[in-house]
Amino acid sequence: MNILTNAQLWASTLAMAVPLALPAIGGTFSERTGVVNIAMEGIMLMGAFFGVAFSYWTGSAWVGLLCGLIMGGLLSAVFAWAAIRLAADQVVLGMAINIFAAGLTAFLLDTIFGFGGTPPQTPQLPTLSIPVLSSIPFIGAFFTNQSVLVYVMLVIVVLSHWFLFHTRIGLRMRSVGENPLAADTAGLNVWRLRYAGVIIGGVLSALGGVYLSLGILNSFDVNMTNGRGYIALAAMIFGKWTPLGSFAASLLFGFATALGIALQNHGISANLLGMLPYLLTILALAGLVGRSKAPAADGIPYNPQR
Amino acid sequence: MTSFLEVVDLVKHFPGVKANDGVNLTLHKGEVHSILGENGAGKSTLMKLIYGLYQPDSGEIRLEGKPVKFHSPRDAIRAGIGMVHQHFMLIPALTVADNIVLGDEPGGITYKRAEAEKKVRELSEKYRLEVDPSAKVEQLSVGLQQRVEILKALYRKAKVLILDEPTAVLTPQETEELFSVVRHLKSQGIPVLFISHKLDEVRAIADRVTVMRAGKTVETLPIGDATPQQLANLMVGREVVLRVEKTKANPGEVILDVQQLRVNDTARREKVRNVSFQIRAGEIFGIAGIDGNGQTELVDAIAGLLPIVGGRLRFLGRDITRLSTAERTKAGIAYVPQDRQLDGLVLDFTLTENAILRDFKRKPFSKGGILFHKPAKTYAERLINLFDVRPRDVNRHAGDLSGGNQQKVILAREVSREPHLLIAVQPTRGLDVGAIEGIHKQLLRLRDEGKAILLVSLELDEILSLSDRIGVIHSGEMVGIVPGESATREQLGLLMTGVTNGEATEVTTR
């Protein structure tokens with residue numbers, strides 16, 4: 001069991017948690033305002049693809065990051081419009097977005113970059129070591145040579161918690177997800193708050209996608225999110241629709257992934273270990289780890305005429 | 001007295017309905033003014049017009065003498081109109097303070113929760129509406145939730161408070177508490193518009209009353225001048241029988257024999273403790289008690305919806321303690337549940353489908369798993385004619401009907417099965433005077449046909465006017481069984497709080 005005392009395993013747990021925690025927190029924002037969002041997978045793909053594409057075209061990974069976020073935000077705005085304004089079924093809509101994004105990014109990859117895929121000279125986001133923290137024994141591994149987005153995520157976790165639970169607008173967003181009619185009669189603009197929740201959620205999901213394509217690697221592969229958007233969904237539920245909970249759940253799933261990779265060198269089937277995070281997902285969604293309660297108006301379109 | 005809020009010739013049409021048709025109302029400063037009317041008389045429409053949820057077709061609303069036009073509730077709130085809806089506009093997952101300040105929270109970007117709680121505490125002290133600001137709303141009783149709603153209006157500086165059927169969801173004690181809150185608000189100079197269809201409550205709380213019928217305001221009169229009979233007649237538009245005429249019961253054989261029954265609720269708390277009583281054919285046995293003292297569990301156990309922990313249940317001499325609900329139904333027990341919309345009907349089904357809800361497995365309604373619609377329809381038509389359900393259209397959905405007519409459908413379905421015992425829980429809850437009269441007549445007719453009836457109600461008047469014998473339940477025990485003809489409100493009231501029968505009789509006869 002000396003694997004568990006290997007600091008590298010824990011550092012990689014944190015790294016693996018990023019592309020789960022970001023969309024999970026994104027989903028939290030959306031669902032806290034009352035819009036069920038299963039489109040994280042598709043939005044991540046959009047972020048991942050356009051992040052790489054613009055990074056290559058402009059020669060700047062940072063511009064790539066920004067464009068990835070904008071594209072993710074745009075797609076989620078379309079989702080929000082259909083879900084909020086047109087009151088479309090949110091689950092069907094989310095599924096449609098996922099399939100659309102998978103198809104679109106695969107098509108664009110082929111037509112723009114051809115069979116070779118994204119060029120190897122695409123700029124990547126930098127890695128960073130935090131000066132003092134990285135020299136602490138054991139713990140230092142968390143802060144050594146991690147992608148800059150790992151630190152960004154840590155800030156986002158704390159900031160999101162503060163935003164949702166300690167600001168006026170956070171209170172308003174949560175109230176809209178619980179009882180929109182009550183919020184409306186209290187003078188709040190239900191639709192606008194829901195748009196905000198979904199679009200913030202979309203941008204965070206896209207950031208998770210950008211991390212995959214520009215944070216870890218500097219390339220885009222067809223369907224490179226590989227179901228992480230859905231695991232994020234499980235992490236969000238597991239984390240009881242809170243940013244801190246989502247992060248904790250993402251760490252658990254990240255650990256399962258990291259452990260799988262570490263154990264591969266010990267002669268255990270990679271395929272078998274690859275199932276680990278998904279098995280945890282099923283257990284989490286089946287409520288075996290404690291029931292959690294969704295926002296009361298989650299998934300119900302608001303129509304003030306009724 | 002100066003007028004605070006005035007409604008002049010207000011008209012609001014909906015396709016096919018004149019919901020408000022020339023409504024006039026004057027609310028004075030410092031008065032409690034009641035609007036009395038049956039369901040569908042236009043009370044809710046009027047409230048929605050005043051609150052800016054609807055805009056009037058013609059007519060005028062004046063606030064402190066000036067004409068006002070509200071395009072949304074926000075306008076009304078800003079003008080100082082506070083409204084407590086029948087269905088609360090609260091967010092259960094948030095705290096009391098969160099709910100009250102929502103939309104006008106203290107703080108800049110950050111939300112100053114401590115300050116919100118302090119403000120709420122000050123407000124609740126000022127108006128004597130005690131409630132814990134940091135408690136989650138979902139943990140509060142309905143009565144306390146209503147306080148939160150009132151505080152919400154006061155926090156927004158309401159100058160007038162509209163209470164829409166506020167007692168419909170309250171227990172008798174909570175109603176009393178609400179009344180003292182209303183009186184205190186009045187003394188603080190806040191006029192209250194109190195919407196209700198309950199005569200006794202209006203008489204207890206209001207200074208003046210305006211009666212509405214069929215979209216029109218019929219009359220406004222000081223409460224001192226109005227007798228209940230007069231008000232009821234004004235509401236319904238004809239002579240109403242307030243207290244049903246009842247002949248002496250003619251009890252026959254024992255139908256239901258309950259011996260030392262013990263029942264737990266779903267959370268395994270002991271709710272019924274060694275309760276024994278009998279019901280005979282041709283009598284109405286009423287169960288009186290304060291809500292939550294075991295009545296629900298007792299009738300659920302008799303109907304077979306809750307398991308019996310101890311004791312015996314005999315029905316027509318046969319031990320049915322261990323029978324399933326379906327077997328009891330077959331043996332001849334009919335059940336009119338407390339929540340007609342949740343347990344009594346499928347609101348999205350037609351009347352035909354609802355009529356055969358218990359019998360669809362039988363001939364002639366089905367054979368070999370195939371439903372036959374024609375006999376079901378004929379059957380349903382016969383039922384709604386017999387019980388005068390309106391509209392007389394078996395293809396309508398149950399959800400389209402008024403509460404009184406929904407209850408008639410349930411009663412018709414249950415009674416047409418020719419049961420020996422009918423259990424009716426709160427059969428007239430939320431119904432208006434005319435509909436209550438109808439249901440009461442039906443229950444008495446059934447009694448006179450020789451059925452045994454178990455009536456559970458929180459309304460003492462209902463128990464007193466219908467029951468031949470009255471059992472009073474207090475914390476799960478039957479504390480007394482008294483004859484209906486000699487029982488008084490005071491005696492039952494004392495028994496309901498746990499005083500023994502001997503003491504209660506002594507106190508009330510002294």
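Guide: Let us begin with secondary structure: helices and strands are DSSP runs, a helix having at least four residues and a strand at least two. The model before us is predicted. In chain A, such runs come to 12 helices and 2 strands.

Visitor: In which order do the elements of chain A run from the N terminus on?

Guide: They run α-α-α-α-β-β-α-α-α-α-α-α-α-α. The radius of gyration of chain A is 19 Å, close to the 19 Å given by the globule rule for 306 residues, so chain A is as compact as a globular protein of that length. Its C-alpha trace spans about 60 × 45 × 40 Å along the principal axes.

Visitor: What share of the residues of chain A count as buried?

Guide: A residue is buried if 20 or more other C-beta atoms lie within 10 Å of its own. Of the 306 residues of chain A, 52% count as buried. As to contacts in chain A with a separation of 6 or more, 76% join residues 24 or more positions apart.

Visitor: How is the packing of two helices described, and at what angle do the axes of α2(A) and α3(A) cross?

Guide: The angle is taken between N-to-C directions. Helix α2 (residues 40-58) and helix α3 (residues 61-85) of chain A have axes that come within 7 Å and cross at roughly 145°. The crossing of α2(A) past α3(A) is right-handed. Among the residues making the contact are A:Phe50 and A:Phe54 of α2(A), together with A:Leu65 and A:Leu69 of α3(A). By class, the contact residues of this pair divide into 13 nonpolar, 8 polar and no charged.

Visitor: How many residues does each chain bring to the contact between chain B and chain A?

Guide: Chain B brings 17 residues and chain A brings 15 residues. Helix α2 (residues 73-78) of chain B supplies the largest share of the chain B side, 3 residues. That side has 11 nonpolar, 3 polar and 3 charged residues.

Visitor: Which domains does the assignment give for chain B?

Guide: Domain 1 covers 3-236, domain 2 covers 243-332 + 419-510, and domain 3 covers 346-418. The C-alpha centres of domain 1 and domain 3 of chain B lie 38 Å apart.

Visitor: Finally, why does B:Gln230 count as partly exposed?

Guide: B:Gln230 counts as partly exposed because it has 14 C-beta neighbours inside 10 Å. Its place is in helix α8 (residues 228-236) of chain B. B:Gln230 and B:Leu199 are 31 residues apart in sequence, and their C-alpha atoms are 10 Å apart in space.

Methods. Residues numbered from 1 in each chain as written. Chains lettered and ligands numbered in written order. Predicted model: local features only at pLDDT ≥ 70, side-chain atom pairs only at ≥ 80, totals over all residues. Domains from an automatic or database assignment. Contact = placed C-beta atoms within 7 Å. Nonpolar A, V, L, I, M, F, W, Y, C, P; charged D, E, K, R; others polar. Buried ≥ 20, exposed ≤ 12 C-beta atoms within 10 Å, placed from the backbone. Axes fitted to C-alpha atoms, helices over the stretch in contact; angles between N-to-C directions. Left-handed = near helix turned anticlockwise from the far one by under 90°. Rg over C-alpha atoms; globule rule 2.2 N^0.38 Å.
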